[in-house]
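Work through the exercises below with the structure open beside you. Try each task before you read its solution.

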Amino acid sequence: MDIQFLFHNGLDKPPTSALFGHNFLASKLYQLSPPEDLTLALTLVRHVGVFNDEESIKAVAVTKEKYGTVPRVYVVCGKDNVIKEDFQRWMIENNPSDEVKSISDSDHMVMFSKPNQLCTCLEEIAEKYTGECH
């Protein structure tokens, strides 16, 4: 794929950021989204940080102490070509949520590929969990 990596800490260390190219975005992230959303994404694409060090991973880890009082709902994107459904299910098993919803025919960019279904999911989540946060 056409991904560029930057190695700010030297070539002998893991990459520190990545830039996704047209082919990657078109085939992995936006394959079911309207073409105009891919076109816009291509004009806005920037390097994204890659966190491989233990300290960064711990800082963003979802723990009971950090987020235990907030209800969590995972929305499975059935045709996600970046985070395949099997891996999404593994993440759910290893970090259980209060509920799992599914949009079976959405790509990774569910807000573009299936905006109405996502909106319905978010409305249902808001309705169910409003007032449950401590």
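A salt bridge here is a side-chain nitrogen of Lys or Arg within 4 Å of a carboxyl oxygen of Asp or Glu. The model is predicted.

**Exercise 1. Salt bridges**

Solution. 
- Step 1. Take the distance. The cut-off is 4 Å.
- Step 2. Lys101 lies in strand β5 and Glu124 in helix α7 (residues 115-129), so the pair ties together parts that are 23 residues apart in sequence.
- Step 3. Check the surroundings. Glu124, at 41%, is partly exposed.
- Step 4. Widen the view. Salt bridges with shared partners join Glu99, Lys101, Glu124 and Lys128 into one network.
- Step 5. Count. The structure has 5 salt bridges by this rule.

**Exercise 2. A salt bridge along a helix**

Task: Work out how many residues separate Arg89 and Glu85 in helix α5.

Solution. 
- Step 1. Confirm the contact. The side chains of Arg89 and Glu85 meet in a salt bridge, at 3.1 Å from N to O.
- Step 2. Compare positions. Arg89 and Glu85 are 4 residues apart in helix α5, so about one helical turn separates them.
- Step 3. Read the accessibility. Arg89 is partly exposed at 33%. Glu85 is partly exposed at 30%.
- Step 4. Look at another pair. Asp105 forms a salt bridge with Lys114, with the closest N and O atoms 3.6 Å apart. Asp105 is partly exposed, with a relative accessible area of 32%.

**Exercise 3. A buried charge**

Task: Find which side chain of opposite charge is nearest to Asp80, and how far away it is.

Solution. 
- Step 1. Locate the residue. Asp80 sits in the loop between β4 and α5.
- Step 2. Search for a partner. The nearest side chain of opposite charge is Lys84, 7.4 Å away. A salt bridge needs a distance within 4 Å. Asp80 is buried and has no salt bridge.
- Step 3. Look for another contact. The side chain of Asp80 reaches the backbone nitrogen of Val82 at 2.7 Å.

**Exercise 4. Parallel strands**

Task: Determine in which sense, parallel or antiparallel, strands β4 and β5 pair, and over how many bridges.

Solution. 
- Step 1. Find the strands. β4 covers residues 73-77 and β5 covers residues 99-103.
- Step 2. Read the pairing. β4 and β5 pair in the parallel sense over 5 bridges.
- Step 3. Follow the chain. From β4 the chain crosses through helix α5 (residues 85-94) to β5, and this β-α-β crossover is right-handed.
- Step 4. Val73 has Glu99 as its bridge partner in β5. The partner of Val76 is Ser102.
- Step 5. Sort the faces of β5. Glu99, Lys101 and Ile103 make up the covered face, while Val100 and Ser102 make up the uncovered one.

**Exercise 5. The antiparallel sheet**

Task: Work out which strands stand at the edges of the open sheet, and why one side of each is left without a neighbour.

Solution. 
- Step 1. Write the order. The open sheet has 3 strands, β1-β2-β3, with antiparallel pairing.
- Step 2. Pick the ends. β1 (3-6) and β3 (48-49) each have a single partner strand, so one side of each lacks a neighbour in the sheet.
- Step 3. Inspect one pairing. Strand β2 (residues 17-20) and β3 run antiparallel and are joined by 2 bridges. Ser17 has Gly49 as its bridge partner in β3.

**Exercise 6. Aromatic rings**

Task: Classify the pair Tyr30 and Phe112 from the distance between ring centres and the angle of the planes.

Solution. 
- Step 1. Count. The structure holds 3 aromatic pairs.
- Step 2. Apply the rule. Planes under 30 degrees apart count as stacked. The rings of Tyr30 and Phe112 have centres 5.9 Å apart and planes at 20°, so this pair is stacked.
- Step 3. Tyr30 lies in the loop between α1 (22-29) and α2 (35-44) and Phe112 in helix α6 (residues 110-113), so the pair ties together parts 82 residues apart in sequence.
- Step 4. Tyr30 is buried at 10%. Phe112 is partly exposed at 28%.
- Step 5. The rings of Phe87 and Trp90 have centres 5.3 Å apart and planes at 15°, so they are stacked. Phe87 and Trp90 both lie in helix α5, 3 residues apart.

Terms used:
Residues numbered from 1 in each chain as written. Predicted model: local features only at pLDDT ≥ 70, side-chain atom pairs only at ≥ 80, totals over all residues. Heavy atoms only, no water. Pairing = 2+ DSSP bridges. Right-handed = clockwise from strand over helix to strand, strands pointing away. Phe/Tyr/Trp six-rings, centres within 6.5 Å; stacked < 30°, edge-to-face > 60°. Buried < 20%, exposed > 50% of the residue type's maximum accessible area, 1.4 Å probe, protein only. Lys, Arg positive; Asp, Glu negative; His and termini not counted. Polar contact = N/O pair within 3.5 Å; in protein donor to acceptor, adjacent residues only side chain to side chain.
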